[in-house]
Amino acid sequence: MSVPLPESLSIRYGTHAPNLQAPDAALPVLEQILNHRSVRHFLPDALPEGTLEMLVAAAQSAATSSNLQAWSVVAVEAPERRAQLAELVGQQKHVRQAPLFLAWLADVSRIERLAQYQQQRAEGVQYLDTTLLAVIDAALAAQNAVLAAEALGLGTVYIGGLRNQPEAVAELLGTPAGVFPIFGLVVGRPDPAARPAAIKPRLAQSAVLHRERYQVAQNLEDEIGDFDQRLGAFQAEQGMPASAWSQQVVTRLRDAAALHGRDQLSQSLQRAGLSLR
Ligand SMILES: Cc1cc2nc3c(=O)[nH]c(=O)nc-3n(C[C@H](O)[C@H](O)[C@H](O)COP(=O)(O)O)c2cc1C
C-alpha cells in the first residue's frame, strides 16, 4: 500500500517531480508523510487499547506557541453521538462508520481559569492573535495525531464540516466559553473492501514555493501549470466526476452560501468567547 519516495513524488507532481534523495535513516518518516491520503471508508472495529492515548501523546508533542498549549480535543466514540455529529457536519457517513471521532478545539478557557485562580487579568485573551494562536496550536497538534495514526496503519480524514453548525456542535460536546471546535478528525481502520484511498496530486512546487520574495503569477498557466489536467486524470482514475480544480477552488468560495453556514463564523467565535479584535 505504501509506495517508495520516488513513486510518491511522481504521483504528487507528475513530470514536475523533483529528483530527491534522502539518507536511508530518514526514509521511513519521509515515505510515510508523502504517502498521506484521506480515507473515507472505514471498518467499525474498535481501535486497539492505547491508540487514543498514543495519538494524544503525538499531538501534545507538536510545537505550541509560547508553550501555552491552547488546545484540547474531545474523543467521541459512542455510536449515537457519532451519528449525531455525522448529521451536523453535513451528513458525512465516515463519521458514523469509524470508531473514533476527534473534535479539535481552540481552547483559551484554561488560560482564563489559570488567571482566575491567580486573581490576575488575562487581557491578551481578548485579542485576535490569541484566537489565531489557539487555532494554530490545535491544527499542529491534530496533524501530529494524523501522522501517528498513519504510522499505526490507521486511516484518517479531517472534518471541516464541524464548523458548519458550531453552536449545535458545542452543545453536543459540552464546550464552555473560551473553547471553539475548529475541525474534526475521523480515525479508524480503512475498509479493505472499499477502493483503497490514493495519493492525490498537488500543485507543482513552483506554485507554492517562493525564493526570497513572493512572485505574483501573471496568468493561469503561470499560476497552476498543468495541475487541472493532472488532477483530472486522477479523478478519472478514481471514478470521480471530472471537474477542473481551478474552477472547483473558485466555486468552493464563490459566495457566502458556498460556505455552508461558515459565513457566520465570526459571530459564533465571538459568542464562544474567542476574540477577533
Ligand atoms: C481542515 C480540513 C478540513 C477538511 N474537511 C473535510 C471534510 O469535511 N470532509 C472530507 O471528506 N474531507 C475533508 N478534508 C480532507 C480534504 O478534502 C483532503 O485533505 C484534500 O482533498 C487532499 O486529499 P488528501 O488528504 O487525500 O491528500 C479536510 C481537510 C482539512 C485539512
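# Salt bridges and pockets

Arg-121 counts as exposed, with a relative accessibility of 68%. The model is predicted. Arg-121 pairs with Glu-123 in a salt bridge. Glu-123 is partly exposed, at 41% relative accessible area.

## Charged pairs

Side chains of opposite charge can pair when their charged atoms come close. The structure holds five salt bridges. Among them are these:

| Salt bridge | N to O distance |
|---|---|
| Asp-107 and Arg-110 | 4.0 Å |
| Arg-121 and Glu-123 | 3.0 Å |
| Arg-230 and Asp-226 | 3.1 Å |

Arg-110 is partly exposed, at 32%. Asp-226 reaches 23% and is partly exposed.

## The largest pocket

How much volume does the largest pocket have? The figure is about 1600 Å³. Its lining has 44 residues, and those closest to its centre are Arg-37, Ser-38, Val-39, Arg-40 and Lys-200. Two helices, α11 (227–237) and α12 (245–252), each give at least two residues to this lining. By type, the lining of the largest pocket divides into 19 nonpolar, 15 polar and 10 charged residues.

## The second largest pocket

The second largest pocket holds about 250 Å³ of space. Its lining has 16 residues. Nearest its centre lie Ser-206, Ala-207, Ala-217, Asp-222 and Glu-223. Which helix supplies the largest share of this lining? It is α10, with four residues. Both α9 (205–208) and α10 (220–224) supply at least two residues each. The lining of the second largest pocket divides into seven nonpolar, five polar and four charged residues.

## The annotated span

UniProt, in an unreviewed entry, lists residues 33–188 as "domain: Nitroreductase". The end C-alpha atoms of this span lie 18 Å apart. Residues 33–188 are 44% helix and 19% strand.

Technical notes: Residues are numbered from 1 along each chain as its sequence is written. This is a predicted model: local features need pLDDT of at least 70, side-chain atom pairs count only at pLDDT 80 or more; totals for chains, interfaces and linings use all residues. Side-chain values use heavy atoms; hydrogens and water are left out. On a 1 Å grid over the protein atoms alone, a cavity is a set of points where a 1.4 Å probe fits but cannot get out, and a pocket is an open set with protein on both sides within 12 Å along at least five of seven lines; lining residues have an atom within 4 Å of a point. Grid points are joined across faces, edges and corners, and a volume is the space filled by probe spheres set on the points. Ala, Val, Leu, Ile, Met, Phe, Trp, Tyr, Cys and Pro count as nonpolar, Asp, Glu, Lys and Arg as charged, and the others, Gly among them, as polar. UniProt positions are given in the numbering used here, feature names are shortened, and annotations may be inferred rather than shown by experiment. A salt bridge is a side-chain nitrogen of Lys or Arg within 4 Å of a carboxyl oxygen of Asp or Glu. Buried means under 20% relative accessible area, exposed over 50%, partly exposed in between (1.4 Å probe, protein chains only).
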